[in-house]
Amino acid sequence: MERRDLLKRLTGWCAAAALPASARAAPPAALKKTEAEWKKLVSPAAYAVLFEHGTERAGSSPLNAEKRPGTYVCAACHLPLFDAAHKYESGTGWPSFWQPLPEAVGTQTDFKLIVPRTEYHCARCGGHQGHVFSDGPPPTGKRYCNNGVALAFVPQGQTLPPLRT
C-alpha cells in the first residue's frame, strides 16, 4: 500500500469514528450474490456503478428526462426505491429525488474525494445508487443524486418486476 493510500484511509477512519453511529451505519444487505451472478443479471455499465461504486457520465441517462408517474426500482434486485412524484430537475445531469421510499436505502460515509460525502445504497442488495446532498428542495432539503443506470423505471399502471432472489 502506498503512503498516500494509507493516509487517505487513516483520515477516513478517524473522520468516520467521529460521526454518530447512525450516520456511519452500513445499509443492510439482505440479498447477496456473487460477482458472476450479478454480472449475468445487469449490464456492464450497471455493474460498474452498482457494485464497483462507479459514476455514469452526467446527462447520459434517459431517466433524467423521464417525467411520467411511476416507480424507480433498483436495477439489480428490483426493490422500489423512489416514487416519481419525488423526482425533480436538479440541473446536475443525473436523476434527482428529494426523498426515497421508506426503508429503501441505506447510507454510509464516502471519503473517495477526501471530503466526506453521504453515499446511499439499495437497502436490499447493497447496490450503490448515488450520493445525497443537502441542497435539495423543500420539504426535505435533500438531493438524492442517482446514477440512472442503477435504476429501472416502471410507469404507473404497470406491474413492478418481482424482487430478484
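## Salt bridges

R143 is buried, at 11% relative accessible area (buried means under 20%, exposed over 50%, partly exposed in between, with a 1.4 Å probe and protein chains only). R143 forms a salt bridge with D135, with the closest N and O atoms 2.8 Å apart. A salt bridge here is a side-chain nitrogen of Lys or Arg within 4 Å of a carboxyl oxygen of Asp or Glu. D135 has 48% relative accessibility, so it counts as partly exposed.

This is a predicted model: local features need pLDDT of at least 70, side-chain atom pairs count only at pLDDT 80 or more, and totals for chains, interfaces and linings use all residues. Residues are numbered from 1 along each chain as its sequence is written, and side-chain values use heavy atoms, leaving out hydrogens and water.

The count comes to three salt bridges. Side chains of opposite charge can pair when their charged atoms come close. E66 pairs with R68 in a salt bridge, the closest N and O atoms being 2.7 Å apart. E66 is buried at 13%, while R68 is partly exposed at 44%. K39 and E35 also meet in a salt bridge, at 3.0 Å from N to O. These two residues lie four apart in helix 3 (residues 35-41), so about one helical turn separates them. K39 is partly exposed at 43%, and E35 is partly exposed at 48%. Helices (H or I, at least four residues) and strands (E, at least two) are DSSP runs, numbered from the N terminus.

## A buried glutamate

E119 sits in strand 6 (residues 117-122). Its relative accessibility is 2%, so E119 counts as buried. The E119 side chain makes polar contacts with the side chains of H53, at 3.1 Å, and H121, at 2.9 Å. A polar contact is a pair of N or O atoms within 3.5 Å; within protein, one must be able to donate a hydrogen and the other to accept it, and residues adjacent in sequence count only if both atoms are side-chain atoms.

Not counting residues up to four places away in sequence, E119 touches H53, H128 and H131, among others. Contact means heavy atoms within 4.5 Å.

## The nonpolar core

The largest nonpolar core has 27 residues. Such a core is a set of buried Ala, Val, Leu, Ile, Met, Phe, Trp, Tyr and Cys residues joined through side-chain atoms within 4.5 Å. Residues with the most contacts inside the core include L50, Y72 and C125. Helix 4 (44-52) gives the most, with four residues.

Leaving aside neighbours within four places in sequence, Y72 is in contact with residues including L63, E66, F97 and F153.
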